[in-house]
Amino acid sequence: MIIEDDNDVKRKKKVKKVKKDKKEKKEKKEKKNKESKKEKKHKKTEKRKAEIENGSSVESSTITSSAEASVTLSAPKKKLKPSSSVAMPASNSSTSSEVTLLLFYQYVEPPWSVSRHKAALHHIQTSGLKHGLGGRMRCAREGLNCTITGPDVGVRAWCDELRAFDPAFQGTEFKLTPGLPPGQHFPKLNAFPVEELVNYGLAGSRAPPISRTAAHLEPAEYHSKMSEPDTVIIDVRNHYEAMIGHFAPPPGGAEMLDPKMRKSTEFPAWLDRDSTKEKIRGKQVLMYCTGGVRCERASALLRSKLEETDNALGVKGVYQLQGGIHKYIEQHPDGGNWVGKNYTFDKRFAHAPLKLEGEGKVAVVGRCEKCDAEWDRFRGKRRCPMCGVPSLICKGCWDKHESGEEIIGDDVKCELCKEEGIMSKKEWRQKEDRIIGDYEEKLKRLEQKTKESRRDDELPLTKGLSPAPNPNGETRLWIGNLNNKKVTAEAINDMFSGVKFVQLVFDPKGRPKGFAFAEMRSAEDAGRAVGAGGKV
């Protein structure tokens with residue numbers, strides 16, 4: 001058996017293909033230059049037309065109900081893998097000045113290697129700039145989480161190029177909202193590397209496998225389950241988001257659980273509390289968030305904890321809302337069990353079920369932190385002076401503050417700081433450090449215990465071996481010369497300690513090719529496995 005890391009394999013391939021790559025690079029550059037000149041000319045022409053048609057300026061910083069016609073891709077029912085639609089709908093007609101919003105996420109498993117992650121970051125940035133896109137692209141080794149705006153044709157072309165870049169995106173559910181006013185476009189494109197798609201503080205070996213994520217329910221199925229007894233619903237969003245909109249199950253149905261988080265790093269600690277465990281004991285658990293990405297890791301974490309204890313809590317099942325609130329209110333224009341508005345992280349800021357918006361019947365569930373009047377719009381850039389979350393201030397109070405008639409002082413704070421009696425920034429920081437610190441200490445104790453257990457039970461193949469040099473800290477390995485008639489993922493797991501995921505490679509007829517990729521739990525585990533390669 002021969003085991004090589006990704007860098008060795010890629011170096012060998014590069015030597016063989018160097019002449020071919022140079023030729024292809026030259027051809028692509030020439031083609032790109034031609035397309036770029038043609039696109040610039042087209043944009044300039046369209047811009048002039050738009051200026052003539054629309055006048056000297058376009059006003060709009062909010063979206064009316066008629067402008068927001070979202071398109072979400074259809075997906076199969078029952079158990080779904082994260083983000084699971086297979087084709088984008090055809091582009092509907094729109095003027096050149098209109099904007100299309102794209103929301104999507106996609107986890108990849110096993111995670112990308114370090115070099116593949118860099119390539120992905122480069123691809124999404126260059127492709128986005130080429131198509132005139134703006135927005136935020138979070139790029140981690142575990143996948144992508146993006147909020148993007150741009151011309152409809154550019155957004156769709158970018159999606160096509162992403163699918164061509166990596167097969168992992170062939171089944172991604174791209175949520176498109178076309179026909180938005182120009183004011184909704186993000187002026188800049190920011191693609192940046194992150195450790196996690198959602199910052200739970202669970203990067204690397206702490207991350208529960210996405211394969212353990214909850215069963216995905218389409219909005220209709222999720223809606224039905226909210227009426228079932230012995231059910232709890234966990235809102236995986238931050239509390240300030242829930243303040244302006246949330247689910248309200250019918251009487252006799254599910255019980256709502258709001259973790260009352262200021263940020264996602266608080267979720268693991270909340271899930272570990274005894275009070276939370278008692279709330280979910282013997283129940284079926286439903287989870288939801290804005291678009292689905294936060295539920296992926298959150299539900300995987302819950303299921304992992306249940307498996308570690310052989311489901312001592314007797315939980316009857318864990319489910320999450322496919323496509324999140326965005327898809328639910330899209331398919332329930334009358335609101336269904338949703339009340340209020342859905343907080344968004346794009347330039348819409350919030351939106352509600354289309355029919356209710358059109359009829360002006362959207363329920364206002366939030367309240368102004370200054371005067372306690374009904375209010376559901378986050379205005380200005382003010383944040384809670386204690387903990388820093390966005391402040392919910394009504395127009396009347398904000399106008400008085402802006403004019404100097406009645407200044408909003410530091411005594412006006414968020415709902416959570418009021419409930420918890422937080423009186424200063426220092427007090428909040430100390431509480432936050434204590435919550436996160438206590439959970440970190442618990443994790444470290446568990447990790448040390450697991451490490452000691454693994455050392456005691458270390459497999460013969462790697463026992464007593466010193467790790468091979470691993471200067472780049474690679475954790476993804478290429479394993480070759482395998483018996484293609486007998487090889488299984490389980491066999492590779494049994495062969496080495498520290499294996500996190502195994503991905504066998506098959507030919508078009510479904511037969512093993514005799515090699516595989518393995519994601520190790522740490523760089524040390526990877527080095528030890530490579531060190532064992534010469535002894536097999």
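Two remarks on conventions come first. Because the model is predicted, local features require a pLDDT of at least 70 and side-chain atom pairs a pLDDT of 80 or more, whereas totals for chains, interfaces and linings use all residues. Residues are numbered from 1 along each chain as its sequence is written, and side-chain values use heavy atoms, with hydrogens and water left out.

Let me begin with the chain as a whole. The secondary structure comes to 15 helices and 18 strands; these are DSSP runs numbered from the N terminus, helices being H or I with at least four residues and strands E with at least two. Of the 536 residues, 47% count as buried, where buried means under 20% relative accessible area, exposed over 50%, and partly exposed in between, with a 1.4 Å probe and protein chains only. Among the contacts with a separation of 6 or more, 74% are between residues 24 or more positions apart; a contact means heavy atoms within 4.5 Å.

I turn now to helix α2, residues 114–130. Its 17 residues reach 25 Å from the first C-alpha to the last, close to the 24 Å expected at 1.5 Å a residue; the expected span is 1.5 Å times one less than the number of residues. Which residues of α2 are buried? They are His-117, Ala-120, His-123, Ile-124, Ser-127 and Gly-128. These residues lie on the same side of α2, because they cover an arc of only 125 degrees around the axis, the arc being that of the directions from the helix axis to the C-beta atoms. The face turned away from that buried side carries the exposed residues Lys-118, His-122 and Leu-129. The cover over the buried residues includes β3 (134–140), β4 (143–150), α3 (152–165) and β6 (189–193). After α2 comes Gly-132, with a positive phi near 70 degrees.

Five strands form it in the order β5-β2-β4-β3-β6, with mixed pairing; two strands pair if DSSP finds at least two bridges between them. At the edges are β5 (175–180) and β6, each of which pairs on one side only. β3 and β6 run parallel and are joined by five bridges, and Arg-136 has Asn-190 in β6 as its bridge partner. Helix α3 packs on the sheet, touching β2 (99–107), β3, β4 and β5, and its direction makes about 20 degrees with that of β2. Here axes are lines fitted to C-alpha atoms, for helices over the stretch in contact, and angles run from 0 to 180 degrees between N-to-C directions. Helix α8 (residues 293–308) lies across β2 and β4, at about 15 degrees to β2.

Is Thr-172 buried or exposed? Thr-172, in the loop between α3 and β5, counts as buried because its relative accessibility is 0%. Its side chain makes a polar contact of 2.8 Å with the side chain of Gln-106. A polar contact is a pair of N or O atoms within 3.5 Å; within protein, one must be able to donate a hydrogen and the other to accept it, and residues adjacent in sequence count only if both atoms are side-chain atoms.

Finally, consider strand β11, residues 284–288. Five of its five residues are buried, so β11 is largely enclosed by the rest of the structure. Gln-284, Leu-286 and Tyr-288 are on one side, and Val-285 and Met-287 are on the other. β11 pairs in the parallel sense with β8 (residues 231–235) over five bridges, and with β12 (residues 317–321) over four bridges. Gln-284 in β11 stands opposite Thr-231 and also opposite Gly-317 in β12.
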